Amino acid sequence: MREIRNIVILTGAGISAESGIDTFRGAGGLWENHRVEDVATPEAFARDPQLVLRFYDMRREAIQTKEPNAAHTALARLDAEWPGELLIVTQNVDDLHERGGARRVLHMHGEHLKAWCTWCDSRHAWSGPLADCPPCPKCEARSLRPDVVWFGEVPYHMDRIYRALREADLFVSIGTSGAVYPAAGFVQNARELGARTLELNLEPSQGSRLFHESRLGPASEVVPAWVDELLAG
Ligand code: OAD
């Protein structure tokens, strides 16, 4: 086995579940109350912008009441102490990795706490509502939308992510069902390029058999245990 120096970590909704943020699929999952096509596509936004904006306003407000859990803080510790390259690629639009203290984080599906002006293409930190159509702080057009990636749109930072995957000695997937591409394909990409692959999840994900190793359990337990083990060398 080659020495581990460069690490890519993919996280999904499962890492924030114990902070009280609903996952997308499964019992209690977000999409049970709202059909994906009603809230998370450009077509839905064109059809009923108020419904979509209100839905995201509700989510934006909710995440600000949540706190990072032991899995977020363990990854932040790894980020601070790992001497090699490390990249946390999250599909999550919450800010719990950052509030947990992690720095090397990319949000491939965007961020709840940012608004994007589709008129002047500027992005702004945003914690309040968007449903009342506030003006863009830069151009004043009332064309702000949540800066989140909807189905049918291209995820962010893909060049940087694939570059990191090419260099990775270890790819770790945490709390994601493996249902949504391109993130669901990262394990295969990393493995083909020679990385060791590890899954940390509550239950086997859809792509579980693609990993060299799976450790099952709640993120707040399995992630800190794995980080301790890795840092102990
Ligand atoms: P999912 O809801 O599809 O999957 C969450 C995964 O987390 C499942 O495999 C659960 O078993 C696992 N899980 C639940 N609780 C856990 C816990 N306490 N500890 C560890 N694992 C736990 O969420 P994602 O895979 O993140 O995309 O979904 C991927 C994308 O689908 C999202 O980013 C979103 C959604 O549509 C967009 O919005 C573009």
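Is R215 buried, partly exposed or exposed? R215 is partly exposed, with a relative accessible area of 22%, where buried means under 20%, exposed over 50% and partly exposed in between (1.4 Å probe, protein chains only). Keep in mind that this is a predicted model: local features need pLDDT of at least 70, side-chain atom pairs count only at pLDDT 80 or more, and totals for chains, interfaces and linings use all residues. Residues are numbered from 1 along each chain as its sequence is written, and side-chain values use heavy atoms, with hydrogens and water left out.

**Salt bridges**
- The count comes to 12 salt bridges, each being a side-chain nitrogen of Lys or Arg within 4 Å of a carboxyl oxygen of Asp or Glu.
- R215 pairs with E229 at 3.0 Å, N to O.
- That pair links distant parts of the chain, 14 residues apart: R215 sits in strand β9 (residues 213-216) and E229 in helix α8 (residues 219-232); helices (H or I, at least four residues) and strands (E, at least two) are DSSP runs, numbered from the N terminus.
- E229 is partly exposed too, at 45%.
- Shared partners join E67, D95 and R99 into one network.
- In the R99–D95 bridge (3.1 Å, N to O), R99 is partly exposed at 35%, while D95 is buried at 18%.

**Ligand**
- An oxygen atom of the ligand is 2.7 Å from a polar backbone atom of F24, and one is 2.8 Å from a polar backbone atom of A13; a polar contact is a pair of N or O atoms within 3.5 Å; within protein, one must be able to donate a hydrogen and the other to accept it, and residues adjacent in sequence count only if both atoms are side-chain atoms.
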